[in-house]
Amino acid sequence: MEQADLIWQNGELVAWEDAKIHVLTHGLHYGTGVFEGVRAYDTPRGPAIFRHQEHIDRLFRSAELYYMPIPYTPQEIRAATHQVVAANGFRECYIRPIVFRGYGTMGLFPLDAPVDVVIAAWPWGAYLGEESKVKGVRAKISSWRKISGEGLIPAAKATGQYLNSILAKVEVHKSGYQEAILLDERGFVSECSGENLFIVREGRISTPPLSAGNLDGISRRSVIEIARDQGLEVLERDFDRAELYLADEVFITGTAAELVPVCEVDDHRIGAGARGPVTTALQTTYLDALTGRAASYEKWLDVVEVPAVTA
Ligand code: PPE
């Protein structure tokens, strides 16, 4: 990975190489952590964090669901994130806030372990490769089912839960595909290993409802709003794998990946096997929104105030 200079750790900026934790950190052993994936973009108004408040709100919701009191206010987290972006001199970057049970106790009862907070940022290019945004990715349905709300909490972005995504990703990667699609326990499409999923059929867009165990993605919400603003119909409804194969277009959304077309699912070519017209139109507007080039979506940007340099 690409490195940066400074990481915010429990209230202070430390050098990248000094941002360390103890090997007996609770979260390392039991997955007791919650996190966010956020991006800042180079906009005409300066570096700006996309839908920052929504990411902070989801972080606090995830923490609450796992009984983890965050020892900072949302305002402090926002200010700290601005500090990390500014102190590293980034115009654009990926931002990873993480809240986890730290060092001090072992065993499954976590409530006596300290809650640590880290905010890191680094340059991270196209998650699924630059080429994927144009050509699309080949996806495969994993044999692993998406974790259900009966055993874990799909609405929470928790570190331990990602073992489910990792099993799916490794499985399809070993078979030569770029991304994994997970079905929920009922057999309906849920989401990808790290992205939400949409299909387009006869000009109408569908995406699985949150009851299919997918993450309430912030990119998902943004793309739904953009599509509706463009007069497109967007339905949140369950659909099975055959509907994926029969779709005219399939695309996926996530902070890291942004908006990526899917050109093949389980060796079925989707539409013409290339980025389709609806995907292209949404991708263009979404990129404009991310980079502050769409006036109607400037409301989604949190411009980073770069502090005056003191001599
Ligand atoms: N589903 C999952 C399982 C998921 O991890 C993400 C984000 C999404 C949907 C899309 O959510 P949003 O970013 O709010 O639109 N995945 C993050 C982690 C990727 C990683 O490798 O780490 C991300 O995109 O930052």
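Q: Which residue in the turn between strand 9 and strand 10 has a positive phi?
A: In this predicted model, local features need pLDDT of at least 70, side-chain atom pairs count only at pLDDT 80 or more, and totals for chains, interfaces and linings use all residues. Residues are numbered from 1 along each chain as its sequence is written, and side-chain values use heavy atoms, without hydrogens and water. Strands (E, at least two residues) and helices (H or I, at least four) are DSSP runs numbered from the N terminus. Five residues separate strand 9 from strand 10 in a hairpin, and the turn residue with a positive phi, about 95 degrees, is Gly-187.

Q: In which sense do strand 9 and strand 10 pair?
A: Strands pair if DSSP finds at least two bridges between them. Ile-181 stands opposite Cys-192 of strand 10. Over three bridges, strand 9 (residues 179–183) and strand 10 (residues 189–192) pair in a sense that is antiparallel.

Q: Which residue of strand 9 is the bridge partner of Lys-140?
A: Strand 8 (residues 137–141) pairs with strand 9 in the parallel sense over three bridges. Within strand 9, the partner of Lys-140 is Ala-180.

Q: How many residues of strand 9 are buried?
A: Buried means under 20% relative accessible area with a 1.4 Å probe, protein chains only. Glu-179, Ile-181 and Leu-183 point one way, Ala-180 and Leu-182 the other, and all are buried. Of the five residues in strand 9, the number buried is five.

Definitions and conventions:
Buried < 20%, exposed > 50% of the residue type's maximum accessible area, 1.4 Å probe, protein only.
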